[in-house]
Amino acid sequence: MKEHENLESEQQFLSDNINSEEELISLEQINKNYLYQFIKRVTDVIGSFLGSLILLPIFFIIAIFIKLEDPKGPVLFVQTRIGKNGKKFKIFKFRSMSTDAEIKLLDLIQLNEVEGAMFKIKEDPRVTRVGKFIRKTSLDELPQLWNVLKGDMSLVGPRPPLEKEVDIYSTYEKQRLLIKPGCTGPWQVSGRNNISFEEMVQIDLDYINTRNILMDVKIILKTVLIMIKPNGAY
């Protein structure tokens, strides 16, 4: 019954957002491997739970450094993102920017170094000293393990976009939203900020079409290596 409801939800999302003349991902392809989806969810729950326990001391250390640098600001940054089938959810990250980052964004839009529906600049003045380190090593993403436990995200999947980014997505790009977003994914281990938005979309869609447990394990292992030796994150 749940699989049927999920399929209906995905079909509705496609009919509402995807033009049939665009190159489409097959829903049958996405939903055909129930064993993979079951194993993936079990892995998400176990992995995020154990990961949260093991990394708890690191959580505390990061929180302390964030507070030492900016005692008045919050430790966590909470933001609305768009998940599977366009569903909104609150994502958790360690705060890596100044508390007035959203206000300052208006003055920095013209400096965007990434084409397409994303905003990135290498020397972002809003990023704190602690923030530079945790962003470069991807440690700022660790609280998203709670999002995985809640079921809003998966350990592996496309990057969860902002609502304003989705608002300017093409029908082709909206296919990224056919599966749960991930804490890490093929984009993060394929050059990250060194690749264009269009390349990121294609990488994500290729992943959606070919994903399997072995691929997910490889992405997770590559992510661990990137946390030790960063690959262009900023």
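Predicted model: local features only at pLDDT ≥ 70, side-chain atom pairs only at ≥ 80, totals over all residues.
Helices (H or I, at least four residues) and strands (E, at least two) are DSSP runs, numbered from the N terminus.

Contact, defined as heavy atoms within 4.5 Å, joins Ile62, Phe65, Ile66 and Glu69 of α4 to Arg129, Val130 and Ile134 of α6.

## Hairpin

Strands β1 (residues 76-82) and β2 (residues 88-94) pair in the antiparallel sense over seven bridges; pairing requires at least two DSSP bridges. Five residues lie between the strands of this hairpin, and Asn85 in the turn has a positive phi of about 60°. Phe77 stands opposite Lys93 in β2.

## Nonpolar surface patch

A nonpolar surface patch of about 1100 Å² includes Leu35, Phe38, Trp146 and Leu149. Its residues have over 30% relative accessible area and no salt bridge, and nonpolar side chains (Val, Leu, Ile, Met, Phe, Trp, Tyr) are joined within 5 Å. Accessible areas come from the Shrake-Rupley method with a 1.4 Å probe, with only the protein chains shown counting as cover for residues. A salt bridge is a side-chain nitrogen of Lys or Arg within 4 Å of a carboxyl oxygen of Asp or Glu.

Helices α3 (34-54) and α7 (144-150) each supply at least two residues of the patch. The largest share, ten residues, comes from α3.

## Basis of the values

Residues are numbered from 1 along each chain as its sequence is written, and side-chain values use heavy atoms, leaving out hydrogens and water. Local features need pLDDT of at least 70 and side-chain atom pairs count only at pLDDT 80 or more, whereas totals for chains, interfaces and linings use all residues.

Notes. Patch = residues over 30% accessible without salt bridge, like charges linked within 9 Å, V, L, I, M, F, W, Y side chains within 5 Å.
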